[in-house]
Every structure is written in C-alpha cells, then in structure tokens.
Amino acid sequence: MTRDRETESQSTIINEVQLLLAEKRTSLAAMRTGIAVFVLPLSVVSILIATSKYYDIIQVMHLLAPLLTICVAMVFLGSYLIIRAIIRIHRYDEFILKLKRKHSSIA
C-alpha cells in the first residue's frame, strides 16, 4: 500500500514538473513573439533611413508621424512581452528547483 502511494506521489510530482515545463515553453513562445514585434519597427525605421535621400521629410511628415508612432508602440509592446516572459521563465525555474530540493527522487 505504501509503495503504491509512493509511486502515485512520484508520478504526481513528475506531472507537476511537466506542467511547469509546458508553461515555460509557452513563455518562450511569448518571448519569441515579443522579439519579432520588437524587431519589426526597427526594420521599418532602418528602411526609412536607407531611403531618406529619395524623399523630403517635410513633404511626407503626415505619413511619417503616424508610422513612427505605431513603431514606438510596437517597441513598447515587444519590450513588455519580452520582460514578462523572462520574469515568468525565472519563476518557473524557481518552482522546479523547489520541487527538486523537496523531492530528491526527481533530482
């Protein structure tokens, strides 16, 4: 009876670790998305700088102002996603480390 209970307890712990690892993968996916959202405005701005000799900034200011506003918003959104993912990843690592310390059988 105690052996069955010990096996059940160990499988529960392993399932908990698997759940934490799945949540960590989700956070890594969110970080990947944040990096893509962060890089896109930088690419747009670099293209605008590279082609700046073909247009006069004063004449296209009505187009550049909203575009740059959207770019700034996307940089903030990407930064938020990246920072949030990093914080969650560290938290999941701490949970896994606590489980490893508490249950030496999975360490």
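Does Tyr92 count as buried, partly exposed or exposed, and what is its relative accessibility; in short, which class holds Tyr92? At 8% relative accessibility, Tyr92 counts as buried, where buried means under 20% relative accessible area, exposed means over 50%, and partly exposed lies in between (1.4 Å probe, protein chains only).The model is a predicted one, in which local features need pLDDT of at least 70 and side-chain atom pairs count only at pLDDT 80 or more, while totals for chains, interfaces and linings use all residues. Residues are numbered from 1 along each chain as its sequence is written, and side-chain values use heavy atoms, with hydrogens and water left out.

The secondary structure of the protein consists of two helices and zero strands; helices (H or I, at least four residues) and strands (E, at least two) are DSSP runs, numbered from the N terminus. The radius of gyration is 24 Å, well over the 13 Å that the globule rule gives for 107 residues, so the protein is more spread out than a compact globule. This radius is taken over C-alpha atoms, and the globule rule is 2.2 Å times the number of residues to the power 0.38. Along the principal axes, the C-alpha trace spans about 80 × 20 × 15 Å.

Of the 107 residues, 18% count as buried. The protein exposes about 8200 Å², and carbon and sulfur atoms supply 66% of this area. Accessible areas come from the Shrake-Rupley method with a 1.4 Å probe, and for residues only the protein chains shown count as cover. Contact means heavy atoms within 4.5 Å. Among contacts between residues at least 6 apart in sequence, 80% join residues at least 24 apart.

The protein has 13 positive and 8 negative side chains, and the centres of the two sets lie 4 Å apart. In this count Lys and Arg are positive and Asp and Glu negative, with His and the chain ends not counted; the place of a charge is taken as NZ of Lys, CZ of Arg, CG of Asp or CD of Glu. A salt bridge is a side-chain nitrogen of Lys or Arg within 4 Å of a carboxyl oxygen of Asp or Glu, and by this rule the count comes to one. The bridge is formed by the side chains of Lys24 and Asp93, at 2.7 Å from N to O. Lys24 lies in helix H1 (residues 2–50) and Asp93 in helix H2 (residues 61–102), so the pair ties together parts that are 69 residues apart in sequence. Both partners are partly exposed: Lys24 has a relative accessible area of 22%, and Asp93 has one of 32%.

Tyr92 has its place in helix H2. Leaving aside neighbours within four places in sequence, Tyr92 is in contact with Leu20, Glu23, Lys24 and Ser27. One of these residues, Lys24, also takes part in the salt bridge with Asp93.

Ser27 lies in helix H1 and, at 5% relative accessibility, counts as buried. With neighbours within four places in sequence again set aside, the contacts of Ser27 are Ala85, Arg88, Ile89 and Tyr92.

Thr12, in helix H1, counts as partly exposed at 45% relative accessibility. The C-alpha atoms of Thr12 and Leu99 are separated by 11 Å, although the two residues are 87 apart along the chain. Leu42 is also found in helix H1 and counts as partly exposed at 45% relative accessibility. Between the C-alpha atoms of Leu42 and Met61, 19 residues apart along the chain, the separation is 18 Å.

Leu67 lies in helix H2 and is partly exposed, with a relative accessible area of 30%. Not counting residues up to four places away in sequence, Leu67 touches Val44 and Leu48. Leu67 and Val44 are 23 residues apart in sequence, and their C-alpha atoms are 9.0 Å apart in space.
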